[in-house]
Amino acid sequence: MMERSAKGSRERILAAAEEVFAAKGIDGARVDEIAALARVNKRMLYHYFNSKEELYTYVLKVNFEKSLSAGKKAFHEKGDLKHQVAAAIRNYFYFLAANPNYPRLMAWEALQGGKYARKVLPEVWEQGLPSLKAILAEGISRGVFRPDLDLKQVLASITTLCSGYFTNKDILAILWEEDPLSPGNMEKRLAHIIDLILRNIVI
């Protein structure tokens, strides 16, 4: 019973921290606010995390892992390689739609110069990179993808095109005079992104 209670407290702390950090960044966030939102006292929070910085870094790590997992699901499937790439982009795009805190956290971290991301992102990235490399290498060997593909550039394009749509949704809503997050507009945007990427990598 105590173990379940402790697990529940820790999960509430992480959920609250994600909300506050996404809204205010690490500099604007206050431990008192996180503890209050999590319905725990500060002593309990510091029992699990030694500092606000440690908590923030862990929140980033959890979100990086969720993001990577969303994209990797498509690569467990067999079949058409172009379909697998398109499915990976789709999974990542809708991961961002379902997790609005993620693009906000990434935007705040970019403003920090990646100070905290560099502590956890390389390790997480290395866990997912082999499967991404393997699918592109297979596509190149089978003559489906261009032989001169730069994996870093491809992934940077996918990440920027997808995340940029959600970080700029409020500006787009003004320019378009309609909701960028409506199902129809999200599907149009996703189709455009997939088309751009496939045009770039397919022979």
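A nonpolar surface patch is built from residues with over 30% relative accessible area and no salt bridge, with nonpolar side chains joined within 5 Å. In this predicted model, I171, I174, L175 and W176 form such a patch on the surface. Together the four residues have about 450 Å² of accessible area. The chain holds 10 helices and zero strands. The structure also holds nine salt bridges.

**Overall build**

- The elements run α-α-α-α-α-α-α-α-α-α from the N terminus on.
- The C-alpha trace spans about 60 × 40 × 35 Å along its principal axes.
- The chain has 203 residues, and 42% of them count as buried.
- Take the contacts in the chain with a separation of 6 or more: residues 24 or more positions apart account for 68% of them.

**Surface and charge**

- The accessible surface of the chain comes to about 11600 Å².
- Carbon and sulfur atoms own 55% of that surface.
- The chain carries 29 positive and 24 negative charges.
- The mean positions of the positive and the negative charges are 3 Å apart.

- L175, one of the patch residues, lies in helix α9, which covers residues 169-176.
- L175 has 63% relative accessibility, so this leucine counts as exposed; the cut-off for exposed is over 50%.
- D170 and K169 meet through their side chains in a salt bridge, at 3.3 Å from N to O.
- D170 is exposed, because its relative accessible area is 52%.
- K169 is partly exposed, with a relative accessible area of 26%.

- E177 is not a glycine, yet its phi is positive, at about 60°.
- E177 sits in the loop between α9 and α10, the latter being residues 183-201.
- At 74% relative accessibility, E177 counts as exposed.
- R39 is another residue other than glycine with a positive phi, near 60°.
- R39 is in the loop that runs between α2 (31-38) and α3 (42-48).
- R39 reaches 62% relative accessibility and therefore counts as exposed.

**Salt bridges**

- Side chains of opposite charge can pair when their charged atoms come close.
- R90 lies in helix α5 (residues 81-98) and E187 in helix α10, so the pair ties together parts that are 97 residues apart in sequence.
- R90 counts as partly exposed, at 34% relative accessibility.
- E187 also counts as partly exposed, at 32% relative accessibility.
- E33 and K24 form a salt bridge through their side chains, at 2.9 Å from N to O.
- E33 has 31% relative accessibility and so counts as partly exposed.
- K24 is partly exposed, with a relative accessible area of 36%.

- S163 has its place in helix α8, residues 151-167.
- S163 shows 18% relative accessibility, so this serine counts as buried; buried means under 20%.
- Leaving out residues up to four places away in sequence, S163 touches Y92 and L96.

**Helix α6 and the residue after it**

- Helix α6 covers residues 101-111, and its buried residues are N101, Y102, P103, L105 and E109.
- G113 follows α6 and has a positive phi, near 75°.

**Points to look at in the structure**

- Which residues does S163 touch beyond its sequence neighbours, those up to four places away? They are Y92 and L96.
- Which helices hold R90 and E187? R90 is in α5 and E187 is in α10.
- Is E177 buried or exposed? E177 is exposed, at 74% relative accessibility.
- Where is R39 found? The loop between α2 and α3 holds R39.

Terms used. Residues numbered from 1 in each chain as written. Predicted model: local features only at pLDDT ≥ 70, side-chain atom pairs only at ≥ 80, totals over all residues. Heavy atoms only, no water. Patch = residues over 30% accessible without salt bridge, like charges linked within 9 Å, V, L, I, M, F, W, Y side chains within 5 Å. Areas by Shrake-Rupley, 256 points an atom, 1.4 Å probe, with all protein chains shown as cover. Helix = DSSP H or I, 4+ residues; strand = E, 2+ residues; numbered from the N terminus. Buried < 20%, exposed > 50% of the residue type's maximum accessible area, 1.4 Å probe, protein only. Contact = heavy atoms within 4.5 Å. Lys, Arg positive; Asp, Glu negative; His and termini not counted. Charge placed at Lys NZ, Arg CZ, Asp CG, Glu CD.
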